[in-house]
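Visitor: Hi, could you walk me through this structure, please?
Guide: Gladly; here it is, and we can begin with a single residue.

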Amino acid sequence: MEFDPVTLARIQFAFTVSFHIIFPAFTIGLSAYIAVLLLMWMRTGQEKYHRLARFWTKIFAISFAMGVVSGIVLSYQFGTNWSRFSEFSGNVIGPLIGYEVLMAFYLEATFLGILLFGWNRLPPWLITLASVLVALGTATSAFWILSANSWMQTPAGHEVRDGIAYPVDWLRVIFNPSFPYRFAHMLNAAYLTTAAVVLAVGARYLLAGRHGEESRTMLRMAVGMIAVSAPLQLVIGDLHGLNTLEHQPVKVAAMEGHWSGEEPGHLVLFGLPDEEERTNHFEIAIPHLGSLILTHDWDGTYPGMADFPEDEWPPVVNVFFTFRLMVGIGLLLIATGFWGLYLWWRGRLFDNSLFLRTASYMWPLGFVAIVAGWFVTEQGRQPWLVHGLMRTVDGVSPVPGASVASTLALFVFIYGVVFTMGIFYINRLINRGPMGEAIEAAAGLPNRPMSAAEEAAREATGREPGEGPGRPLTAPKG
Amino acid sequence: MTAMEWYLPVIWAGLIGTAVAMYVILDGFDLGIAILFPFARREEERDVMMNSVAPFWDGNETWLVLGGGGLWVAFPLAYSIIMPALYLPVIGMLLALVFRGVAFEFRWIAKPRHRKWDIAFAGGSIIASFLQGVILGGLLQGVAVEDRQFAGGPFDWLTPFSIFVGLSVVTGYALLGATWLIMRTSGPVQDLGRRLAPTLLLVVMAAMVVISLWTPLAIDRVAERWFSTPNIFLLWPIPLAAVLVAYIVWRAIGQGREAVPFFGTIVLFLLGYAGLVISNVPYLVPPDLTFWDTAAAPASQIFFLMGTIFLLPLVLGYTAFVYWVFRGKIAPGEGYH
């Protein structure tokens with residue numbers, strides 16, 4: 001059987017990076033949430049903030065571990081799978097990755113040790129400081145990684161000599177045209193996604209009649225955050241789209257399913273793009289709205305797919321659908337934010353069971369939207385690896401397809417097992433809740449339940465300690 | 001070549017060499033205690049072993065990212081040749097580290113059904129350590145390069161030599177782990193370290209002797225480096241020092257000293273590392289490509305160096321702070337207090 005090394009390398013990278021992004025997205029948001037909770041605790045002295053911070057720190061620890069192990073893979077995969085790209089771009093984006101490690105990775109990894117284990121050795125203010133540093137580390141990490149990624153989308157500040165890219169102006173490399181938009185979009189996505197998880201967990205507890213005080217706090221904080229960050233995401237996304245139209249118009253044409261640049265663009269709500277016939281089947285569209293959004297002119301025109309040679313086309317169908325998935329979820333979150341805000345205003349946020357039930361299922365939405373968004377921007381960049389400078393087919397390593405195929409199989413199997421278990425364990429921690437044994441154990445070591453009494457109780461009842469007598473949870477995570 | 005074009009790659013080789021040494025020592029003892037997991041029979045003992053490194057492992061593993069990332073930044077050509085050449089062991093190592101890393105968290109939440117994570121923790125660490133040795137061996141024995149690209153087969157790295165280096169690294173990390181347990185724990189876990197350390201020390205010394213003889217016999221330039229005059233007169237103290245340090249560690253274990261075995265083992269590692277560096281300088285991708293051949297553009301090396309000068313001491317500072325915060329013994333069942 002013939003293996004195409006380029007396709008396999010792309011599938012492998014797409015697989016590992018899609019898995020990876022879920023965890024940093026969550027830890028960026030969660031570290032900020034934990035830092036806010038600890039700061040609130042320091043300020044108000046209310047114990048609920050402390051309990052919530054300790055609870056979420058445990059979940060953070062699992063996500064962070066999964067983010068670290070899947071992230072280290074990526075830092076080597078540039079070389080193992082994309083060695084020609086690494087050689088081509090190393091001078092320019094290598095240092096950005098290097099700064100990510102030195103400024104961010106060490107900061108988060110080291111101070112996480114304090115946040116997790118320091119409670120009995122250090123004063124609270126120092127732990128709070130550690131949580132702020134971890135949050136700062138995760139956001140800084142995003143800064144550098146997204147700068148490197150954005151350079152691949154909209155390269156600037158470089159020159160190419162003898163097939164190698166050289167830096168000319170570092171500020172222009174780092175703050176390349178798409179970077180500010182991508183950074184804002186991703187950072188806000190991380191906060192929004194985390195808010196949706198916090199909302200779901202709070203709603204889940206309220207439905208089960210557990211942890212009332214903590215749940216109400218979580219719900220209020222999450223609804224407030226979503227009501228602000230979800231509409232904000234729409235604005236940032238719109239600006240990001242205009243930036244893409246300027247620098248990567250073919251990507252926007254694919255996102256919109258826009259074929260002819262002669263005619264004003266419709267806003268295609270649904271359709272089945274057909275690259276052969278250059279049209280959308282079963283199209284439902286709002287005429288001229290695409291033009292209005294992208295050009296701020298009812299009859300404005302912008303390039304369509306037909307304006308570009310076919311060998312520069314991204315895979316239109318994938319870009320088109322993943323874009324709609326992302327935007328659809330974004331709109332759903334905006335609606336959720338306003339719905340929650342309305343209920344809060346009416347004083348019914350905590351007892352409207354339809355809202356709570358809906359909210360309790362919303363935890364995965366942000367993650368799906370993030371992965372979909374990355375599919376839009378990364379597939380939309382194809383066939384380029386570095387837009388306009390290096391094609392994907394030219395960036396791959398001289399490694400036989402069989403090697404890539406066998407490691408891909410290993411990745412799928414191992415990530416499948418490990419990350420399924422990770423989600424299962426996160427769910428178990430959520431089931432235990434912020435007042436259960438999980439918090440008690442943290443007095444010794446976080447997540448570390450081990451007193452003889454608990455052990456005995458566990459063996460005697462065959463039940464997880466901390467599963468109180470309260471009503472059993474209907475666990476949306478299955 | 002200007003003076004800057006000469007010095008910058010040398011500085012970067014030194015920095016990345018330091019990062020790799022930091023990784024080997026720091027993650028070495030993390031991996032080491034996991035390699036020794038099968039020797040601890042009771043759950044409580046394993047709890048203590050894992051807790052003794054739990055606050056540090058994330059930071060320790062970051063040196064691996066700096067090693068790999070730094071290689072890409074400072075020597076993109078070396079990175080883009082070494083990674084495809086060692087494709088399978090590199091990916092295998094990273095996947096093994098996935099198991100090791102998540103086991104730190106999963107094992108506690110899975111209790112009482114945590115046995116699979118005991119196996120994942122030990123198995124992942126053993127495989128990762130072995131493959132790190134294989135990668136080292138595969139690099140030392142040389143990589144086929146044509147036209148600035150890897151030009152060999154997918155199993156070029158697989159030789160008796162690389163397998164031997166792999167096994168040596170596993171025992172070396174186990175020795176670091178055993179002496180770490182002597183220093184940081186008490187009771188039965190400390191006894192375990194005391195019981196295993198002397199045997200491991202003997203095996204590690206034997207492995208160092210074999211590698212010290214194997215490399216010059218198999219690779220002419222290594223023989224040339226060590227046994228030509230005047231080098232031989234300058235270099236003989238290194239093996240002598242290794243023997244001396246090994247003897248000190250041996251005696252310290254027997255005398256019941258707690259910190260000396262661990263720090264002595266670190267010195268032993270550094271001497272072995274120095275030996276490998278001396279054998280190979282200035283080659284970064286043996287047998288042909290040097291620091292200078294594979295260096296990034298000076299502008300890139302300077303740009304990252306400027307930040308590193310400030311950031312690396314800061315990283316070392318807060319790393320030291322975390323080790324200081326979590327100093328002292330870990331008692332069974334109580335964790336940190």
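Visitor: Where does Tyr273(B) sit?
Guide: Tyr273(B) has its place in helix H12 of chain B, where helices (H or I, at least four residues) and strands (E, at least two) are DSSP runs, numbered from the N terminus. Before we go on, please note that this is a predicted model, in which local features need pLDDT of at least 70, side-chain atom pairs count only at pLDDT 80 or more, and totals for chains, interfaces and linings use all residues. Residues are numbered from 1 along each chain as its sequence is written, chains are lettered from A and ligands numbered from 1 in the order in which they are written, and side-chain values use heavy atoms, with hydrogens and water left out.

Visitor: OK, and how accessible is Tyr273(B)?
Guide: Tyr273(B) counts as partly exposed, with a relative accessibility of 24%; buried means under 20% relative accessible area, exposed over 50%, and partly exposed in between (1.4 Å probe, protein chains only).

Visitor: What is Tyr273(B) in contact with, leaving aside its neighbours within four places in sequence?
Guide: With those neighbours left aside, Tyr273(B) is in contact with Gly17(B), Val20(B) and Ala21(B), contact meaning heavy atoms within 4.5 Å. Tyr273(B) and Ala21(B) are 252 residues apart in sequence, yet their C-alpha atoms are 7.6 Å apart in space.

Visitor: What about helix H3 of chain B, what should its 18 residues span?
Guide: Helix H3 (residues 57–74) of chain B should span 26 Å at 1.5 Å a residue, and its end C-alpha atoms are 26 Å apart, which agrees. The expected span of a helix is 1.5 Å times one less than its number of residues.

Visitor: How many residues of H3(B) are buried?
Guide: In H3(B), 18 of the 18 residues are buried, so this helix is largely enclosed by the rest of the structure. For helix H4 (residues 76–85) of chain B, 10 of the 10 residues are buried, so that helix too is largely enclosed by the rest of the structure. Among the buried residues of H4(B) are Pro76(B), Tyr79(B), Met83(B) and Pro84(B).

Visitor: New topic: where are there cis peptide bonds in chain B?
Guide: One cis peptide bond joins Lys111(B) and Pro112(B), with omega about 5 degrees, and Pro112(B) is found in the loop between helix H5 (87–110) and helix H6 (115–140) of chain B. A cis peptide bond also joins Val281(B) and Pro282(B), with omega about 0 degrees, and Pro282(B) lies in the loop between helix H12 (260–280) and strand E3 (283–285) of chain B.

Visitor: And which residue other than glycine has a positive phi?
Guide: Arg148(B) has a phi near 60 degrees, a positive value in a residue other than glycine, and Arg148(B) is found in the loop between strand E1 (145–146) and strand E2 (149–150) of chain B. At 45% relative accessibility, Arg148(B) counts as partly exposed. In chain A, His288(A) has a positive phi of about 70 degrees although it is not a glycine, and His288(A) lies in the loop between strand E4 (279–286) and helix H9 (289–295) of chain A.

Visitor: Is His288(A) buried or exposed?
Guide: His288(A) is buried, with a relative accessible area of 18%.

Visitor: Zooming out, how many helices and strands does chain A come to?
Guide: Chain A comes to 15 helices and 6 strands. The radius of gyration of chain A is 24 Å, close to the 23 Å that the globule rule gives for 478 residues, so chain A is as compact as a globular protein of that length. That radius is taken over C-alpha atoms, and the globule rule is 2.2 Å times the number of residues to the power 0.38. Of the 478 residues of chain A, 61% count as buried, and the C-alpha trace spans about 70 × 50 × 45 Å along its principal axes.

Visitor: And what does chain B come to?
Guide: Chain B comes to 14 helices and 4 strands. A compact globule with 337 residues would have a radius of gyration near 20 Å, and chain B has 20 Å, which agrees. Of the 337 residues of chain B, 60% count as buried, and its C-alpha trace spans about 60 × 40 × 40 Å along its principal axes.
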